[in-house]
Amino acid sequence: MDNKSDQTVNSIDPRITRAKIHTGNTSDMEGLAHFQTYEVFHQNKRGAQHKHVGIVHAPNPDMALLYAKEQYARREVTANIWVVPSSCVSATEYADDDIFITAPEKLYRNPASYKVMDKINAFKARGGKPTDNA
Amino acid sequence: MLLKQEAENPQITHNSNKMNSIDALKELLYKIADDQLIIGHRNSEWTGLGPILEEDIAFSSMAQDKIGQSEHIYNLLHQLGEADADTVAFTRNSAQFHSSQFVELPIGDYSFSLIRHFLFDFAEYLRFESLKSSAYEPLAQVSKKFFGEIKYHTMHANTWVNQLGKGNEESHTKMQDSLNYAWNYALGMFEQGPAEDLLISENIFIGEKALQDVWLGTITPLLTQSNLTIPAQENWKPIFGGRFGKHSQHLQPLLEEMTEVYSIDPSADW
């Protein structure tokens, strides 16, 4: 690494020049601990599900909420935001993803697999009355 | 109501008293908008240089909010017969600006920018809270529209001030030093306007004195909770002048930088 830490960045952007950023030396950043991450959940209206939208880095939940608002709610319609420390999330192992393999085959677990419109239409035709044996 | 009619019909002949209340209203709008434009520009100087990515985005976004708010207030002035927003924002010199000297100070280190953010935004929040019930309806509408935006700015400011005020010795010392330096400039925000009694009597604005009292009552406990101390009252020496066009050496260079591109071709359509 060249030894130019006594020189500062000279930019056409006057803000950068004023900031006196030292060149050729990033050692200031070494040893700085990163903040933990928080998972952000966004709700677009009351009563709707909160949906996971991403993460923010923050030192604590209050700051995480401040940042989540600007990262994930400055363009969208928003009713509410949750933040949860990423460390609180328990997850399956990708190595075990074979536990999910056969699930798409089990069509009988999918409500769309059941043909019930005939029965519903018959029910309506009876004026909403149950059948005799019901 | 009278003001609204006058605004819509500027050719109406006024007696001098009513003219004065229009002038007083314009002065109020100019100082609000100019404060927002200048602090918005100052805070935007952190864009790309913020301490962490998330904070950079948040601080830049709030700076944009301020400039957007100023545009709305300049539009109210335009309705009252002043030049359009771009002309007003980009063609005046420093002596024509009504902003407080507080907002034109350089960004300094982040502790100063955060302390200014805290002191300014709570003042702005309380100003707009009172203006929500202003008798000048267009201003009341704008105040309601931006209130939530400004509320977030105060949440952001208070969270940071609390973090660093109670952080470690270094962060506490930096915040306290910045508060001490900022204080008399912050008091300068509440410089009384030339015809404020008219605005008060017409229920357009509660007046700077009342606003300062509410502000002190709001920020004092928050600063105490953050282990920060307001300078002793015998040392309070508000730095006035900004509302009457008297500025520090920092405003004119800011304006030249802000208008550098605009000045190349003022007729350009963006």
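In strand β2 of chain A, His52(A) is the bridge partner of Phe41(A), where strands are DSSP runs of E with at least two residues, helices are DSSP runs of H or I with at least four residues, and both are numbered from the N terminus. The model is predicted, so that local features need pLDDT of at least 70 and side-chain atom pairs count only at pLDDT 80 or more, while totals for chains, interfaces and linings use all residues. Residues are numbered from 1 along each chain as its sequence is written, and chains are lettered from A and ligands numbered from 1 in the order in which they are written.

**The sheet of chain A**

- Strand β1 (residues 36–43) of chain A is joined to β2(A) by 7 bridges, and the two run antiparallel; two strands are said to pair if DSSP finds at least two bridges between them.
- These strands belong to an open sheet of 3 strands in chain A, with the order β2-β1-β3 and antiparallel pairing.
- At the edges of the sheet stand β2 and β3 (80–85) of chain A, each of which pairs on one side only.
- Helix α2(A) lies across β1, β2 and β3 of chain A and runs at about 125° to β2(A), with axes taken as lines fitted to C-alpha atoms, for helices over the stretch in contact, and angles running from 0 to 180 degrees between N-to-C directions.

**Where chains A and B meet**

- The contact between the chains takes 14 residues from chain A and 13 residues from chain B, and two residues are in contact if their C-beta atoms, placed from the backbone, lie within 7 Å.
- On the side of chain A that touches chain B, α1 (14–18), β2 (51–58) and α2 (61–72) of chain A each supply at least two residues.
- Among the contributors to this side, α2(A) gives the most, with 7 residues.

**Two helices of chain B**

- Helix α3 (residues 53–79) and helix α7 (residues 137–165) of chain B pack at an angle of about 165°, with their axes 11 Å apart.
- That angle makes α3(B) roughly antiparallel to α7(B), because angles over 145 degrees count as roughly antiparallel, under 35 as roughly parallel, 65 to 115 as roughly perpendicular and the rest as oblique.
- The residues making this contact include Met62(B) and Ile73(B) of α3(B), together with Val142(B) and Phe146(B) of α7(B).
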